[in-house]
Amino acid sequence: MSDVQYRSDFLRVLHERGFVHQVTDLAALDAKAAAGPITAYIGFDATAPSLHAGSLVQIMMLHWLQKTGHRPIVLMGGGTTKVGDPSGKDTQRSMLDDAGIAANIAGIRQVFTKFLSFGEGPTDAMMLDNASWLDGFGYIQFLRDFGPHFTVNRMLTFDSVKLRLEREQPLTFLEFNYMLMQSVDFLELYKRHGCVLQMGGSDQWGNIVSGADLVRRLAGAEAWGLTTPLLTTASGAKMGKTASGAVWLNADMLSAYDYWQFWRNAEDKDVGRFLKLFTTLPMDEIARLEALQGAEINEAKKVLADEATALLHGREAAETARAAAQAAFEQGKLSADLPTVEIARAELEAGLPVAALAAEHAGLAGSRSEARRLAQGGGLRLNDVQIADGNQLVTLADLNADGVLKLAAGKKKIVLVKPV
């Protein structure tokens, strides 16, 4: 694909920034996008009250779709969430009721206003809920209308099904229906809004191809699919996850400071790729930053953190987070913008192992044993003093002059612990 000369700005931008993995008919889609605005969608199931950084690749694809003159649809899975996507899962998702799904959709909705412009214009973004049509189908009607267009033989070849079966993990009939529902989404979006492209992660390829095929069969129209590469960090970790949990996009679930720190802590080998995917910096500026070597790569990481945080939380929040980090790490000062957790004063009166404080209160490690290993390796500090023994007790006597405990893991993570 590197030799392709794109006619559309949309595909050219996606390709040069590393978003494209597979396309059903690249030349035809490129010609369609070059001829005028197209409508495309990505679906997001409402399994939690916020999306996390693992969804950012899809969100940024919608951003660039709109920036290059096309109309994005954010499809919330109010209907499909009731079934659960088996892709990449070894077990069935927990079942949510209607109230829980509605609450999650309300939480997720706020993120997209940071990346997309919504309205009534020809390229303004839309947010829809597939429950508005899926809930209306009777079971017999659904089977008669769509069942004849899917073969079990082919469905068994899809990664979302095949991988689960290869691991000898049960796949319920409920989940097996998910790909039919996703295909019907594509058909309904074509009928209602002229949507001709579905985008998603590489694990969705089989489902997306089936949806495009259903549009051709039942609406007699051209439709396309596009997937992104599976995204992991240079060390192989899943994108959007850290030892202390998911990197949530909602500010009430993860502060702008912690979000800034997540990007600042990117591995050296990931910086160039992440600048392309998760910022809107021009490609020539990214090339300059990507070429930095040695200690200078830290400046590129700060730019990455600044730009990614500004997109989600705003430029002012990004600057505040950077200033707080600089004060804490480079000048040794405390800042009100540092992440702060509260602990019952009684726990410190009795004394608490520093490993428990780091893991269970500050979120600096995934477990006490991990925190103890961190201490043994010289990576855990209390009030700027290195802690060698993770079992060392922390008491009220350890509070600093500001009445808090300053706990640090490595050189980049600081949390203030405040007794209440």
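Is Phe-142 buried or exposed, and what is its relative accessible area?

Tutor: Happy to, and please keep in mind that this is a predicted model. Phe-142 has a relative accessible area of 10%, so it falls under the 20% cut-off and is buried. Phe-146 counts as buried too, at 4% relative accessibility. Helix 6, residues 139–146, holds both Phe-142 and Phe-146, and they sit four residues apart, about one turn of the helix. Their ring centres are 5.2 Å apart and the planes meet at 65°, which makes the pair edge-to-face because that angle is over 60 degrees.

A search of the whole structure gives 10 aromatic pairs, so let us visit another one. In helix 13, residues 271–278, Phe-274 and Phe-278 are likewise four residues apart, about one turn of the helix. They form an edge-to-face pair, with 5.4 Å from centre to centre and 70° between the planes. Phe-274 is buried at a relative accessible area of 3%, and Phe-278 counts as buried at 2%. Ring pairs also join Phe-274 and Phe-278 with Tyr-259, Phe-262 and Trp-263 in a cluster.

Trp-263 takes us on to the packing. The largest nonpolar core has 72 residues, and Trp-263, Phe-112 and Met-199 touch the most other members. Helix 3, residues 56–67, supplies the largest share of this core, eight residues. Leaving aside residues up to four places away in sequence, Phe-112 touches Phe-44, Leu-51, Ile-59, Leu-62, Val-74, Phe-118 and Met-127. Another core, of 30 residues, lies apart from that one, and its members include Ile-73, Phe-150, Met-179 and Leu-189.

Ser-183 is in helix 10, residues 178–193, and is buried with a relative accessible area of 0%. A polar atom of the Ser-183 side chain lies 3.0 Å from the backbone oxygen of Met-179. Again leaving aside residues up to four places away in sequence, Ser-183 touches Phe-150, along with Asn-207, Ser-210, Gly-211 and Leu-214.

One last stop on the theme of burial is helix 18, residues 354–361: six of its eight residues are buried, so this helix is largely enclosed by the rest of the structure. The buried ones are Val-354, Ala-355, Ala-356, Leu-357, Ala-358 and Ala-359. Just after helix 18, Gly-363 adopts a positive phi of about 70°.

Conventions
Residues numbered from 1 in each chain as written. Predicted model: local features only at pLDDT ≥ 70, side-chain atom pairs only at ≥ 80, totals over all residues. Heavy atoms only, no water. Helix = DSSP H or I, 4+ residues; strand = E, 2+ residues; numbered from the N terminus. Buried < 20%, exposed > 50% of the residue type's maximum accessible area, 1.4 Å probe, protein only. Polar contact = N/O pair within 3.5 Å; in protein donor to acceptor, adjacent residues only side chain to side chain. Contact = heavy atoms within 4.5 Å. Core = buried A, V, L, I, M, F, W, Y, C linked by side-chain atoms within 4.5 Å. Phe/Tyr/Trp six-rings, centres within 6.5 Å; stacked < 30°, edge-to-face > 60°.
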